[in-house]
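This report examines selected residues and packing features of one protein model.

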Amino acid sequence: MIRVVNLISGDGSTNLAIIQAESPGGKLDGLVETAAMIFSDLKSEGIERAKNIGFPADDIWVVKPKKGDLANQLLRILDRYKPDYFHQLGWMPLTPLEVIEHYNGLNQHLGPGGKLMYGVRRIYAHMRFCEIIGEKRPIPVFCQRVAPRYDEGNVIYIQYENILAGETSEIAAERLLSIEHQVQIEALRRLATNSYKEQPVPQLALNPEERIILSKVKKE
């Protein structure tokens with residue numbers, strides 16, 4: 001069994017899906033244990049949601065990224081639990097290098113990566129890019145290792161999904177959310193059973209011209 005500490009900034013929907021998968025009869029039953037949760041915002045909806053399903057309040061922590069010593073705040077908590085992995089599930093801050101050097105990290109992501117590529121804007125960037133090049137490409141949903149720079153770590157598990165005709169980025173985000181949950185759960189299962197094969201981060205832009213286009217739509 002692997003021990004994991006989940007890092008969360010928002011409503012913690014993937015976090016709850018993982019906890020459910022760890023329950024008796026679930027996909028992660030006997031394979032994964034969520035030892036603690038760390039939130040980056042005291043107002044995160046996910047805190048109450050975690051308490052409501054019975055997760056111990058003593059193992060729910062809140063850090064203050066703007067305080068300036070995020071590395072020390074995280075390490076004090078992680079050192080208490082000694083997890084095999086910390087898992088970024090909608091985690092917004094850039095995890096400090098000191099933390100990455102001491103603990104293995106996992107990250108939930110889909111679509112184009114990089115600074116400020118979070119939430120529905122990832123899907124918008126993907127869709128806008130495809131619109132400009134006149135070609136439909138599936139969007140990758142994946143679990144990756146945490147790297148010193150945003151979204152650059154090797155992929156543990158990936159699933160490709162098509163954007164459906166008539167979908168807006170917001171509608172696609174809603175539909176893909178449950179798939180995001182299952183991808184993170186499957187990645188944890190593969191890690192726990194040592195049945196994974198790492199691969200580089202998927203690249204949406206395939207040549208220099210496309211990379212320029214992608215850069216522009218990210219800014220947009």
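Is P148 buried, partly exposed or exposed? In this predicted model, P148 has a relative accessible area of 49%, and it is therefore classed as partly exposed, because that class ends where values exceed 50%.

P148 belongs to the loop between β6 and β7, the latter spanning residues 155-161.

## Q144 in strand β6

Strand β6 covers residues 139-145 and includes Q144. The relative accessible area of Q144 is 0%, so this residue is buried. A polar atom of the Q144 side chain lies 2.9 Å from the backbone oxygen of G153.

When neighbours within four places in sequence are left aside, the contacts of Q144 include G105, L106, N107 and H109. Also among them are D151, E152, G153, N154, V155 and I156, as well as V201.

Most residues other than glycine have a negative phi. Two residues with positive values are described here. D151, in the loop between β6 and β7, has a phi near 60° and is not a glycine. Its relative accessible area is 15%, and D151 is therefore buried, the limit being under 20%.

K82 is also not a glycine, and its phi is positive at about 50°. This residue lies in the loop between α3 (residues 70-81) and β4 (residues 85-89). K82 has a relative accessibility of 54% and so counts as exposed.

M117 is placed in the loop between β5 (residues 105-110) and α5. With a relative accessibility of 7%, M117 counts as buried. Apart from neighbours within four places in sequence, M117 contacts H109, P112, R122, A125, D151 and K218.

M117 and K219 are 102 residues apart in sequence. Their C-alpha atoms are 9.6 Å apart in space.

## The crossing of α5 and α6

Two packed helices are described by the angle between their axes and the distance between the axes. For α5 (residues 121-133) and α6 (residues 169-192), the axes come within 9 Å and cross at roughly 115°. The crossing of α5 and α6 is right-handed.

On the α5 side, the contact is made by R122, I123, Y124 and M127. S169, A172, A173, L176 and E180 contribute from α6. By residue class, the contact of α5 with α6 comprises 6 nonpolar, 1 polar and 2 charged residues.

## Nonpolar cores

How many residues make up the largest nonpolar core? This core contains 34 residues, of which I2, L28, M37, L106, I123 and L188 touch the most other members. Helix α6 supplies the largest share of the core, 8 residues. Another core, of 19 residues, lies apart from it and has L7, A36, V63 and V146 among its members.

The contacts of I2, with neighbours within four places in sequence left aside, are L31, V32, E33, D84, Y85, L188, L191 and A192.

## G10 and S44

G10 sits in the loop between β1 (residues 2-8) and α1 (residues 13-22). Its relative accessible area is 31%, so G10 is partly exposed. Beyond residues up to four places away in sequence, G10 touches F39, S44, E45, G46 and G90. G10 and F39 are 29 residues apart in sequence, and their C-alpha atoms are 8.2 Å apart.

S44 is located in the loop between β2 (residues 32-39) and α2 (residues 45-52). Which backbone oxygens does the side chain of S44 reach? The side chain of S44 reaches the backbone oxygen of S9 at 2.8 Å and that of D41 at 2.9 Å. Leaving aside neighbours within four places in sequence, S44 is in contact with S9, G10 and F39. At 7% relative accessibility, S44 is classed as buried, whereas G10 is partly exposed.

Note on methods
Residues are numbered from 1 along each chain as its sequence is written. This is a predicted model: local features need pLDDT of at least 70, side-chain atom pairs count only at pLDDT 80 or more; totals for chains, interfaces and linings use all residues. Side-chain values use heavy atoms; hydrogens and water are left out. Helices (H or I, at least four residues) and strands (E, at least two) are DSSP runs, numbered from the N terminus. Buried means under 20% relative accessible area, exposed over 50%, partly exposed in between (1.4 Å probe, protein chains only). A polar contact is a pair of N or O atoms within 3.5 Å; within protein, one must be able to donate a hydrogen and the other to accept it, and residues adjacent in sequence count only if both atoms are side-chain atoms. Contact means heavy atoms within 4.5 Å. Axes are lines fitted to C-alpha atoms, for helices over the stretch in contact, and angles run from 0 to 180 degrees between N-to-C directions. A crossing is left-handed if the near helix is turned anticlockwise from the far one by less than a right angle, and right-handed if clockwise. Ala, Val, Leu, Ile, Met, Phe, Trp, Tyr, Cys and Pro count as nonpolar, Asp, Glu, Lys and Arg as charged, and the others, Gly among them, as polar. A nonpolar core is a set of buried Ala, Val, Leu, Ile, Met, Phe, Trp, Tyr and Cys residues joined through side-chain atoms within 4.5 Å.
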